[in-house]
Amino acid sequence: MQDPNGFMDEKCENRLYIGNLDLRITEASLIKMFSPFGKIVSEDFLWHTRGPKRGEPRGFAFIQYSTKEEAKLAKEKMHGKLACGRPLVVRLASEKYLVETAEKSSKGAGESNKTSLSGSSSGQMNRSAKIAAIKNKLKALGEESSSAKKQKLAESISCTESLDNCSD
């Protein structure tokens, strides 16, 4: 039942991946930032569930709108917009999935081994394994651009000013 192609159904066209979130951004502020673009039907704000960072935000979330037009508008308006001094990464969830698939196939065995270790013994990826795979990908992306992020953070404006700008 968990066919890899089944992950990309119609709701992915309405669902946005929001990444590079500052740890000070809350679920409420995220909803406030994205609600002007349409009716939000669901929101998944991801938290660390174990380890030393347990209970802290993971730095990304998913928001689903009632229509794909609303999702595309939010993507256009919010991608690259500063929130707490960090540029938001906003993509359709289906685009995020396609980007990860393309990168895994081009990187070869190294990246695919990390993903397969997260899968269940039956070869199917359950929800936790998918989350772990996304976490690994975000960690790799974060390591690649950590020096750029540190520089931007040093130059950033305060979180509250940034959130006020997002709600305009």
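Helices (H or I, at least four residues) and strands (E, at least two) are taken here as DSSP runs, numbered from the N terminus. The views below come from a predicted model, in which local features need pLDDT of at least 70, side-chain atom pairs count only at pLDDT 80 or more, and totals for chains, interfaces and linings use all residues. Residues are numbered from 1 along each chain as its sequence is written, and side-chain values use heavy atoms, with hydrogens and water left out.

View 1. V90 is ten residues from G80 in sequence, and the two C-alpha atoms are 7.5 Å apart in space.

**View 2. Overview of the chain.** Eight helices and six strands make up the secondary structure, in the sequence order α-β-α-β-β-α-β-β-β-α-α-α-α-α. Of the 168 residues, 34% are buried (under 20% relative accessible area; exposed means over 50%, and partly exposed in between, with a 1.4 Å probe and protein chains only). The accessible surface, computed by the Shrake-Rupley method with a 1.4 Å probe and, for residues, only the protein chains shown as cover, comes to about 10,000 Å², and carbon and sulfur atoms account for 53% of this surface. Where contact means heavy atoms within 4.5 Å, 68% of the contacts between residues at least 6 apart in sequence join residues at least 24 apart.

**View 3. The largest nonpolar core.** A nonpolar core is a set of buried Ala, Val, Leu, Ile, Met, Phe, Trp, Tyr and Cys residues joined through side-chain atoms within 4.5 Å. The largest has 20 residues, of which L16, I18, L21, L30, F34, Y65 and L88 touch the most other members. At least two residues of this core come from each of β1 (15–19), α2 (27–34), β3 (57–65), α3 (68–78) and β6 (89–92). Another core, of six residues, lies apart from it and includes L46, F60, F62 and A93.

View 4. With neighbours within four places in sequence left aside, L30 is in contact with I18, L21, I25, F45, A61 and I63. V90 belongs to strand β6 and is buried, with a relative accessible area of 1%.

View 5. The buried residues of α3 are E70, A71, A74 and M78. Viewed down the helix axis, these residues fall within an arc of 100 degrees, so they line one face of α3; the arc is that of the directions from the helix axis to the C-beta atoms. Exposed residues E69 and E76 are carried on the face turned away from the buried side.

**View 6. Aromatic pairs.** Rings of Phe, Tyr and Trp (its six-membered ring) pair if their centres lie within 6.5 Å; planes under 30 degrees apart count as stacked, over 60 as edge-to-face and the rest as tilted. Four aromatic pairs are found in the whole structure. In the tilted pair of Y17 and F60, the centres are 6.1 Å apart and the planes make an angle of 35 degrees. Because Y17 lies in strand β1 and F60 in strand β3, this pair ties together parts that are 43 residues apart in sequence. Both Y17 and F60 are buried. F45 and W47 form a tilted pair, at 5.0 Å centre to centre and 55 degrees between the planes. F45 is buried, with a relative accessible area of 9%, whereas W47 is partly exposed, at 36%. Y17, F60 and F62 form one aromatic cluster.
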